[in-house]
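Please work through each one before reading its solution.

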Amino acid sequence: MKLYSLSVLYKSEPKAVLLKAAYDVSSFSFFQRSSVQEFMTFTSELIVERSAKGSRASVKEQEYLCHVYVRNDSLAGVVIADSEYPSRVAFTLLEKVLDEFSEQVDRIDWPVGTPATIQYTALDGHLSRYQNPREADPMSKVQAELDETKIILHNTMESLLERGEKLDDLVSKSEVLGTQSKAFYKTARKQNSCCAIM
Amino acid sequence: MDDPCCFQYTVLKEKQRDEIGLIPCPEARYNRSPIVLVENKLGVESWCVKFLLPYVHNKLLLYRTRKQRLNKDELIDVTCTLLLLNPDFTTAWNVRKELILSGTLNPVKDLHLGKLALTKFPKSPETWIHRRWVLQQLIQEASLSSFVTKGNLGIVPAERTQRIIQEEMEVCGEAAGRYPSNYNAWSHRIWVLQHLAKLDIKILLDELSSTKQWASMHISDHSGFHYRQFLLKSLISQTAVDSSVLEQNSLRSKPKDEEATDSVEEPRVNLTHLLEKEVEFCTDLIDSYPGHETLWCHRRHVFYLQHRLSGRFPHSLTHLSPADCPGGTLNDLHLIPTSPQESQAMEVDGLNESSKQGYSQETKRLKRTPASDSLGLEMEHRFIDQVLSTCRNAEQARYANAYRRWLVTLSQ
């Protein structure tokens, strides 16, 4: 049961702007960590770009679940978790973080912010605390007010894309991903990674 | 041509290395070493693997077919390199077996090497298999002192054995964390408890409590919960053994017999309480995390154990014969601890979910069960009702209904 990343973004047109992010890549093997982190940024931005304002969605990609909440004011949050992590708690976390963020950071700064310029430091603490959902959110057993049927479920990242768009293309064009990450993506796509020697 | 020497030199200090990994790097840059060492993590750039692996592989095969001599250091180096690139290469492990048997290689080195390989290949079957062979070698070496009698505690594992057991628990735990439902890691863990710890009750209890937190954070890890089922079953069988040993000894008391004079005062195991706590634990998880089948499977197992236990108390201290065991689920329960020379065959596969064949034997006994057991059934039905009335998760409802149907067949 793990949380891997927690990000706050602004849904600009046409691209999403990353405002702040926290990561926990400790469970990945050492030499994969920087690539994994880059991929999580890439994924978070892509998901926000392809999600409508005022929507909540969960996107499944392999063994990961990406939960996204885009508010009507274009402020958005993405949590990347594993499939054990209860989605209800993930959405509670997103709501809480976006509320807090909008109180602490002026609206004017959102469209042009970057992780370096944005003054919001609570994200790492939230990510760490919410690793254990029952400790972070003891009331999670109680039915949330959130109507779960309004959450859109996507079974793959592909379903977010436009007709004819390929994830491979988006990866190779991405500015967020370094050469090593792109190489990593290529090899992982080619082989069934559980049996790979190379 | 890349000489694996540079690789060996770094790996030779492998005791300090705690992780290996592959760095995706399609092209060599600047004619420098493909080995990257950061904070005791050993990385190999991927471009060199296609040169290195065939080179060392070939070298070993030439040795094996007697076309090329290699001295023992070279053999150790070559097999080490090979196994860190592909730990399922059995021949390399076998060469190392020969080196160990001839006294050239310290078996503990293979435990280190295996541990390192498992950081990248946490499932590797050959690594686990070789590991068990090495452990058996180590235990045989020290066979006279593997177990000692310790005052009131009866027979307990010696300190050295305890340390080995602890280390194995850690290695298994790490590997289990690196790959979901890592059957090979958990099976190894069970094997260690059976063959090295001889199902010592204190160790079983420790394992039950120390893996609880892990299980609660890996709620769909079927192998992790299967491990808890194994611990509980073993505690039941081992408690039965001790009770029957006590009974037998009190009937023919020999003054010199330590077991007769010292009552076996190892931790008193309240099995009913343990099982109840496990059910509580399971309930808590099912309520917190709706829609995870593993938790419902676990519940079936625990309920079934409670069920069997209440059928046995207080008079049936007779041993569990295979005829009593539905679907071969009890193959792993040893009434007498196995000796190290016995086969290292994995008996874990005997642990199946309560299969349908078992019910016919069980139903006869069910008709004789005391009233407390139908109370247990009632409580379970109430639990199911409560879940169904409050849950909103479609899968949770499905599992709850399936559980109800299972309970119903149990009592028919």
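**Exercise 1.** Determine how strand 1 (residues 19-23) of chain B is joined to strand 3 of chain B.

*Solution.* Strands here are DSSP runs of E with at least two residues, helices are runs of H or I with at least four, and both are numbered from the N terminus. Two strands pair if DSSP finds at least two bridges between them. Strand 1 and strand 3 of chain B run parallel and are joined by 5 bridges; Glu19(B) has Lys41(B) as its bridge partner.

This is a predicted model, in which local features need pLDDT of at least 70, side-chain atom pairs count only at pLDDT 80 or more, and totals for chains, interfaces and linings use all residues. Residues are numbered from 1 along each chain as its sequence is written, chains are lettered from A and ligands numbered from 1 in the order in which they are written, and side-chain values use heavy atoms, leaving out hydrogens and water.

**Exercise 2.** Identify the sense in which strand 2 (residues 35-38) of chain B pairs with strand 3 of chain B.

*Solution.* The pairing is antiparallel, over 4 bridges. Lys41(B) is the bridge partner of Val38(B). The two strands form a hairpin with 2 residues between them, and Glu39(B) in the turn has a positive phi of about 45 degrees.

**Exercise 3.** Explain why strand 3 (residues 41-45) of chain B is largely enclosed.

*Solution.* Buried means under 20% relative accessible area, exposed over 50%, and partly exposed in between (1.4 Å probe, protein chains only). Lys41(B), Gly43(B) and Glu45(B) point one way, Leu42(B) and Val44(B) the other. Because 5 of the 5 residues are buried, the strand is largely enclosed by the rest of the structure.
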